[in-house]
Structures are given as structure tokens and as C-alpha cells.
Amino acid sequence: MLDAKFVNDHIDSHLDKRQVNKVQHGFPSPRYWTEESVPVGSIADSRRRIRDLGRSTPLNLYVGVPYCIKTNPGKCGYCLFPVEEFRGNEALEIYFDYLSREAAMYKEAFEGATLGGVYFGGGTSNLYKEPMYLKLMDLVRDLFPDITPDADLTLEGIPQLFSRSKIEAIRDAGMNRISMGVQQINERLNKLSGRKQTLKHTVQSLEWARDFGLAANLDLIFGWPQQTVRTMIEDLETVVSWGVHDITHYELNVGGPTDFALNRFHELPAPLSNLEMYRESRDLLKSHGYEQLTAYNFRKPGDPVGRDYEEGVAPRLDNLDSVGLGYAAITFFGDTVLDDGDSWSFINQRNLGRYKEMIDNGQFPVEQGFGHAKQDWRLAMLFRNLLGLSVSRTEYRAAFGIDVYAEYQRIWDALGERELVEVTDDSVTLIDDGPFYTPMIQALLAEERYRALREHEVRNRVVVDLAAPQKLVSA
Ligand SMILES: C[S@@+](CC[C@H](N)C(=O)[O-])C[C@H]1O[C@@H](n2cnc3c(N)ncnc32)[C@H](O)[C@@H]1O
Ligand code: SF4
């Protein structure tokens with residue numbers, strides 16, 4: 001167990017630091033996903049074994065697309081996702097053909113599985129022209145012939161690329177929700193991303209979604225260059241006044257060779273201003289009847305076409321099956337009954353040429369991954385549950401035979417003293433500013449395991465170097 005001084009010092013020294021958002025990949029960070037031969041075939045066998053035991057959860061699909069419209073600055077100024085510049089419809093149709101071939105490779109493995117939902121993300125999934133939405137859904141139906149009405153079928157896109165006819169085609173294809181990356185309602189601030197997006201694009205897309213009975217989510221970002229609490233509140237008030245029930249309010253993740261990190265860092269609100277933005281936004285949305293579902297998601301009950309979708313949150317602690325199809329798509333698969341190394345996180349090729357080449361060679365287009373030991377999978381599931389604000393001690397004990405409070409007692413106690421966490425007999429819950437500090441809390445929970453993984457890495461490197469001294473010389 002970490003010593004109390006380390007825990008207290010870590011928390012106190014991070015409360016006023018910019019939160020580095022690693023939540024998308026959970027545990028461990030992708031830097032540890034170094035295994036290049038991911039055994040997708042034996043993962044399929046494990047999936048079947050788990051299904052035979054009657055333990056599987058509905059499977060969630062993520063379907064990616066590589067392309068985005070060119071912006072100046074590039075990649076909307078802030079985006080850290082792998083994307084390719086859109087150069088025309090032909091490339092998109094060729095890509096779709098590869099996607100279908102990749103999906104077909106999974107057909108046997110998915111037999112008998114239930115579909116929980118599909119998320120067509122990206123990149124920019126509403127670059128597809130009208131006829132393609134039915135094809136996308138047919139690709140899914142080919143894998144899952146019996147999609148139940150409670151499956152969430154979301155297509156993500158940017159406001160200026162939706163049109164009435166596209167939204168109609170999305171509805172006709174059988175999808176039931178759209179998610180729009182709006183980021184800023186304020187047009188002056190949004191222009192910093194180089195997007196040619198106007199308020200009208202967003203309002204129109206929402207109206208069309210309503211006309212065709214589709215649920216709609218808006219993604220907004222806070223902590224944006226030149227943003228103030230006032231502009232943020234104006235944006236949120238506007239979105240609330242439009243009757244949007246589903247709002248995702250991400251903190252800007254700054255990093256990499258992006259324009260915001262390189263050229264606008266000095267324009268970013270200070271880390272503690274981000275905390276203030278988090279508090280003000282949460283309080284405002286709650287005062288309008290929204291419930292906080294995750295560190296970033298807010299939902300107002302009562303949407304007649306609303307869906308239950310919660311990004312990144314696992315419904316169960318003992319099993320998770322989330323399959324990524326397409327360029328750079330991520331898969332998470334695991335179960336507590338599996339042996340060490342048999343639960344996996346992996347990412348598909350982030351090089352489009354290589355993605356296609358592997359499919360042409362009849363291989364799963366996987367780039368690299370991480371085979372979880374049991375304790376890694378436990379941490380991965382704890383991360384996901386914390387993103388959903390609370391972890392049930394009872395369910396954790398049932399899944400792993402361990403009390404999650406006892407396992408990390410010093411961390412929970414230190415967070416409890418600072419009123420970031422509340423521990424009861426039943427649960428450990430993030431309270432007050434706790435959700436804002438999710439990345440810091442996750443880093444603390446993982447600290448000991450990261451130390452062990454790093455040690456293992458160093459030991460392995462020494463062994464490799466000793467075994468191949470000539471490599472050292474040539475390096
Ligand atoms: C990867 S984008 C894909 C969807 C679409 N292309 C778009 O831009 O809306 C999905 C969402 O991730 C969020 N996002 C992307 N980069 C981010 C960053 N650096 N920090 C915080 N959120 C980010 C944005 O809110 C975006 O809507
Ligand atoms: S934010 Fe969206 S549109 Fe912009 S580069 Fe990233 S994925 Fe593409």
C-alpha cells in the first residue's frame with residue numbers, strides 16, 4: 001500500500017495542476033500497450049467460453065472513420081485523436097469496403113452475442129453521404145441480426161456536415177441518436193479551432209434531429225483558449241434554452257503538437273479557473289434539472305426520445321466487451337474468470353495504409369495492445385466505474401473478492417479528508433470537486449501498479465540488451 005505521506009503530498013501538489021485527461025483509455029495508459037501480436041483469435045474463443053458460462057454482457061461496438069475536413073490550424077487546433085484529411089468521397093467508400101471486410105472477420109466470434117449499442121465515431125462519421133448510413137447499419141445487422149429496441153445506435157458528427165436529408169437517412173437506417181461535436185457555441189471562440197461552424201448549423205441540426213425523432217447529444221469543451229466563466233455560462237444557457245437533454249462537457253485536454261498547446265497555451269484559463277468552470281457548469285446544469293451521470297455527462301430526464309447512453313462507463317464490474325472496428329478503433333475485452341493475460345485492451349492500426357494492408361492479408365488490423373493480469377483488469381474496471389462517479393463495494397467484492405475501500409484505504413481516507421470522496425458501507429462515491437479530479441484520483445489508484453509495470457519494463461530491457469549486445473553497439 002502507498003505510504004500516507006506520498007498520498008497526501010501527491011494530492012496536495014496536484015490540486016492546482018492542470019488535470020491530464022487519460023480517461024478515454026482507462027487503465028493502463030496506452031504507453032503500456034506494447035504487445036504487437038494481440039491474439040484476436042483466442043480472444044474470440046474466450047468470448048465464446050464466457051458466453052457458455054452465461055456471464056457475458058451485451059457487446060458494444062465502436063465503428064470509426066479516419067477522415068476529417070481540413071482546418072486551419074490543423075486538427076481543429078486541439079484534437080489528439082488520430083485522423084486523416086478528407087480528400088473526397090471515393091476514399092471514404094473505399095474505406096467503408098475495408099471496414100465491411102474487417103467486420104466480416106468477427107462474424108463467427110459474435111455469433112449468439114447480444115448487441116448493447118453502436119457508436120459510429122471518428123474522425124467525422126457524418127462525412128458519409130446519405131446512402132451510406134443504411135450500409136453502415138447493414139454491416140452491424142449482418143453481425144447482429146436481432147437488434148433490440150433498447151440498443152443505443154449513435155452517429156457522431158460535426159454540425160456543419162449534418163443536413164436534413166442526412167438526418168432522415170440516419171433515422172431511416174435505424175439509428176436512434178446523434179452526437180454533435182459543437183465545442184463552443186460562441187462563434188468567436190469556435191473560430192480559434194479553424195472550423196467554419198456557425199450557430200445556425202447547430203440549431204438547424206438539432207431541429208432536424210427533433211423532426212425525425214432522434215435523440216441528440218452536444219459535446220462542449222471548457223478550458224478553451226480565451227474562454228471565461230461568463231462565455232461558458234452563456235453557451236450552456238443557450239444549449240439549455242434549446243431543450244437539449246444530453247450534454248457532454250469535457251475539460252480541454254491540452255497536449256501533443258496541437259496549435260492550442262504550441263501557440264495558445266498562454267491563452268488557456270489557469271488550472272484553477274478550469275476548476276471554477278467545472279463547478280459553475282455543474283451547478284448551472286443541476287439547477288436546470290440535469291443529472292450528472294459521469295465526470296463529463298449531464299442529462300435532463302424526460303426526453304421522449306432520450307437514450308441511456310453513458311460514454312466510457314461499464315454497466316458491470318466483472319465483464320466488459322467493447323469492440324472497436326475501423327482505423328484506430330479501440331477494443332476492451334475482459335472478464336474476472338479469465339486467466340492472467342487473457343483480458344485485453346488493444347488499438348487498431350493508426351496508419352491507414354497499414355490498416356488496409358493487414359485486411360488485404362486476411363489479418364485483424366491490430367496495431368498493439370495490453371494483456372491484463374487480473375489486477376490490471378480490476379483497475380481498468382475500477383477506473384470505468386469511477387468515471388460513472390461511484391463504485392459499489394458490494395459488487396466489487398462479488399466480482400473480485402476484495403473490498404475496494406480496504407484495497408486503497410489510504411487513498412480514499414486522504415480524499416475523504418478533503419471532501420472529494422464519500423465512503424459508505426455500500427459504495428465509494430466521488431463528491432463535490434471529486435469528479436473534476438478523476439484523472440488525479442485514477443493516477444493515484446494506479447501508482448503502485450505503474451511502478452511495477454515500469455520495473456518490469458526496465459528488467460525486460462536489460463535482458464534484451466544483454467541478449468543482443470551488438471544492438472547496443474549499433475544504436
Ligand atoms: C474525437 S471527436 C470526434 C467527433 C467529431 N469529429 C467532432 O469533432 O465533434 C469527439 C469529441 O471529443 C472531444 N475532444 C476531442 N479532442 C479533445 C481534447 N483535446 N480535449 C477535450 N475533448 C476533446 C470533442 O468534444 C469532440 O466532440
Ligand atoms: S475534433 Fe473532430 S473534426 Fe476535429 S480533428 Fe478531431 S475528430 Fe476531426
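# A tour of the model, loop by loop and helix by helix

Start by selecting proline 28, which lies in the loop between helix 1 (4-14) and helix 2 (40-52). Helices here (H or I, at least four residues) and strands (E, at least two) are DSSP runs, numbered from the N terminus. Before you go on, note that this is a predicted model, in which local features need pLDDT of at least 70, side-chain atom pairs count only at pLDDT 80 or more, and totals for chains, interfaces and linings use all residues. Residues are numbered from 1 along each chain as its sequence is written, while chains are lettered from A and ligands numbered from 1 in the order in which they are written.

**Stop 1**

Proline 73 sits in the loop between strand 2 (67-68) and strand 3 (84-85).

Now jump to leucine 389. This residue has a positive phi of about 80 degrees although it is not a glycine. You will find leucine 389 in the loop between helix 13 (374-387) and strand 15 (390-392).

**Stop 2: the annotated domain**

Colour residues 51-291, the span that an unreviewed UniProt entry annotates as "domain: Radical SAM core". UniProt positions are given in the numbering used here, feature names are shortened, and annotations may be inferred rather than shown by experiment. The span 51-291 is 41% helix and 18% strand, and its end C-alpha atoms lie 34 Å apart.

**Stop 3: the two ligands**

Select ligand 1 and show the 17 residues around it; Thr124, Gly181, Asp219, Tyr250 and Asn253 come nearest. A residue counts as near a molecule or strand if its C-beta atom, placed from the backbone, lies within 6 Å of it. Which strands each supply at least two residues of the shell around ligand 1? They are strand 6 (177-183) and strand 7 (215-222). By class, the ligand 1 shell has nine nonpolar, six polar and two charged residues. For these classes, Ala, Val, Leu, Ile, Met, Phe, Trp, Tyr, Cys and Pro count as nonpolar, Asp, Glu, Lys and Arg as charged, and the others, Gly among them, as polar.

Move to ligand 2. Its surroundings include Cys68, Cys76 and Cys79, along with Lys75, Phe81 and Val83. Gly122, Gly123, Thr124, Ile158 and Gly181 are also among the residues around ligand 2. This shell divides into six nonpolar, four polar and one charged residues.

**Stop 4: helices that pack together**

Select helix 9 (residues 229-241) and helix 11 (residues 271-287), which pack at an angle of about 25 degrees with their axes 10 Å apart. That angle makes helix 9 roughly parallel to helix 11. Axes are lines fitted to C-alpha atoms, for helices over the stretch in contact, and angles run from 0 to 180 degrees between N-to-C directions. Angles under 35 degrees count as roughly parallel, over 145 as roughly antiparallel, 65 to 115 as roughly perpendicular and the rest as oblique.

Now show helix 3 (residues 89-105) and helix 12 (residues 352-360), whose axes come within 10 Å and cross at roughly 50 degrees. Helix 3 and helix 12 are therefore oblique to each other. To see where they meet, pick Tyr98, Arg101 and Glu102 in helix 3 and Tyr355, Lys356 and Ile359 in helix 12. Two residues are in contact if their C-beta atoms, placed from the backbone, lie within 7 Å. By class, this contact of helix 3 with helix 12 has three nonpolar, no polar and three charged residues.

Finish with helix 1 and helix 16 (residues 409-417): their axes come within 10 Å and cross at roughly 40 degrees. That makes helix 1 oblique to helix 16.
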